[in-house]
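Please read this briefing alongside the sequence and the model, which are shown below. The points are grouped by topic.

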Amino acid sequence: MSAVIQDRPAITSSELDIVPVSPRIGAEVRGLRLSGSLDPSTLEALKAALLRHRVLFLRGQQHLDDATHQAFGRLWGEIESHPTVPAPDGTTFLELDSRHGGRADSWHTDVTFKVAPPKVCILRAVVLPPVGGDTVWANTVAAYDALPEELKAIADRLWAVHGNDFDYAETRVDHGASEQEAEGRKKYRAVFTRTVIEAEHPVVRVHPETGERALLLGHFIKRLSRLSTSESRHLLEVLQQRVVRLENTVRWRWSPGDVAIWDNRATQHYALNDYGDQHRVVRRVTVSGDVPVGVDGRSSVDLTAAAQQ
Ligand SMILES: [Fe+2]
């Protein structure tokens, strides 16, 4: 499946110093200082690298503060705040603070309950535990490409309802949470679901920039459209297992100053919840995306009005 990466145009070292972290997904970009005013050719090279590697890692970006982090985000498009979780201090960030229930420890693509999920997300480490709290990303294009033709034919025709009030208990593994963590999670979930937001998306979306097909799944899915609960669960399990095969993933061990940029149209991710009561805070800039389009050319549908009735 490394062909998935090799099919993308190569980026010359004169533009950016790019070192793949694993064959199918993830690359480190070295020697680049992020800011809100990158020169156009560097920005173009960075965008091409993201399409090719799906997630990019940059070390040593301690100089970034809230303002420059957001300014860098605006180079990718319009930035947006989370539809239900308030942004801190007048910013547009989604902040995940482990002491306030911000632990994203199940596989998902960001904000897929919206009819137009984010295009790109840019995560900056603010407070890190001494060890633990790694993030893992999976390549949803490679996962689709590796399906046998028989399963592609089924997946191509499936649609799914995503909602922010998905059955969280179903996907979450209990890590022996402390009372403090459990209380934080409860409050976070109450805020997260204060308005119900739902959308119906194709299970296979056509990437708007590359034309590749990607599986659009993750923990916000409530059910597959027009199938029974049991059929829905079984089919989702079959497809999701393909996404999270270890060969299809990259795991990043965070250091202070690290930034991760991912293509939210071609990935899922999972933040490991293995650091107990240690403190971890990350801030995410979210770049607005398109309404997904399925293999048959149909666009996703906003179900929010119906969900709120
Ligand atoms: Fe996330």
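How many positive and negative side chains does the chain have, and how far apart do the centres of the two sets lie? There are 37 positive and 41 negative side chains, with the two centres 0 Å apart, where Lys and Arg count as positive, Asp and Glu count as negative, and His and the chain ends are not counted. This is a predicted model, in which local features need pLDDT of at least 70 and side-chain atom pairs count only at pLDDT 80 or more, while totals for chains, interfaces and linings use all residues. Residues are numbered from 1 along each chain as its sequence is written, and side-chain values use heavy atoms, with hydrogens and water left out.

**Iron site**
- His108 (NE2), Asp110 (OD) and His269 (NE2) coordinate the iron ion at 2.1 Å, donors being N, O and S atoms within 2.8 Å of the metal (3.2 Å for Na, K and Ca); because water is not among the atoms, sites may look incomplete.
- The spacing of these donor residues along the sequence is H-x1-D-x158-H.
- His108 is buried, with a relative accessible area of 5%, and Asp110 is buried as well, at 3%, where buried means under 20% relative accessible area, exposed over 50%, and partly exposed in between (1.4 Å probe, protein chains only).

**Overall fold**
- Of the 309 residues in the chain, 54% count as buried.
- In the chain, 85% of the contacts with a separation of 6 or more are between residues 24 or more positions apart, a contact meaning heavy atoms within 4.5 Å.
- The C-alpha atoms fill a box of roughly 50 × 50 × 35 Å, taken along the principal axes.

Key
Charge placed at Lys NZ, Arg CZ, Asp CG, Glu CD.
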